[in-house]
Amino acid sequence: MSNKEVVRGSVEFCIVCFGDIQYIKMGEDGHVHPDVMNKGNSFDIVGGYGSCHDSCLFEAFICDECLSKAIDEGKVRILNER
Ligand SMILES: [Zn+2]
């Protein structure tokens with residue numbers, strides 16, 4: 001859901017385990033898309049009224065392994081699942 005521009009070759013870090021999350025190169029030109037990562041996920045954090053981060057928008061990353069564990073432990077709510 002990000003509209004940021006990804007710098008080719010850049011890497012993100014999982015918010016839980018700090019492991020590397022690499023973008024997947026696509027097409028013949030090897031471009032990368034901000035929502036296409038190897039075993040990783042991005043998510044937005046929206047600061048709501050009452051938070052010291054009110055009206056702020058953040059982006060964070062979590063690897064598949066940590067996300068699966070958080071779901072199993074009930075720490076992440078499933079809103080849609082394929
Ligand atoms: Zn992780």
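The model is predicted. The protein contains 1 helix and 4 strands, in the order β-β-β-β-α from the N terminus. Of its 82 residues, 12% count as buried.

**Overall contacts**
- Among contacts in the protein with a separation of 6 or more, 39% are between residues 24 or more positions apart.

**Largest nonpolar core**
- The largest nonpolar core has 6 residues in all: Cys-14, Phe-61, Ile-62, Cys-63, Cys-66 and Leu-67.
- At least two residues of this core come from each of β4 (57–63) and α1 (64–72).
- β4 gives the largest share of the core, 3 residues.
- In soluble globular proteins, nonpolar side chains tend to be buried together.

**Cys-14**
- Cys-14 sits in the loop that runs between β1 (11–13) and β2 (20–22).
- Cys-14 counts as buried because 20 other C-beta atoms lie within 10 Å, and the cut-off for buried is 20 or more.
- With neighbours within four places in sequence left aside, the contacts of Cys-14 are Gly-19, Ile-21, Phe-61, Ile-62, Cys-63 and Cys-66.
- One of these contacts, Phe-61, is 47 residues from Cys-14 in sequence, while the C-alpha to C-alpha distance between the two is 5.1 Å.

**Leu-67**
- Leu-67 is also a member of the largest nonpolar core.
- Apart from neighbours within four places in sequence, Leu-67 is in contact with Asn-41, Ile-62 and Val-76.
- Ile-62 is in contact with Leu-67 and also with Cys-14.

Note on methods: Residues are numbered from 1 along each chain as its sequence is written. This is a predicted model: local features need pLDDT of at least 70, side-chain atom pairs count only at pLDDT 80 or more; totals for chains, interfaces and linings use all residues. Two residues are in contact if their C-beta atoms, placed from the backbone, lie within 7 Å. A nonpolar core is a set of buried Ala, Val, Leu, Ile, Met, Phe, Trp, Tyr and Cys residues joined through C-beta atoms within 7 Å.
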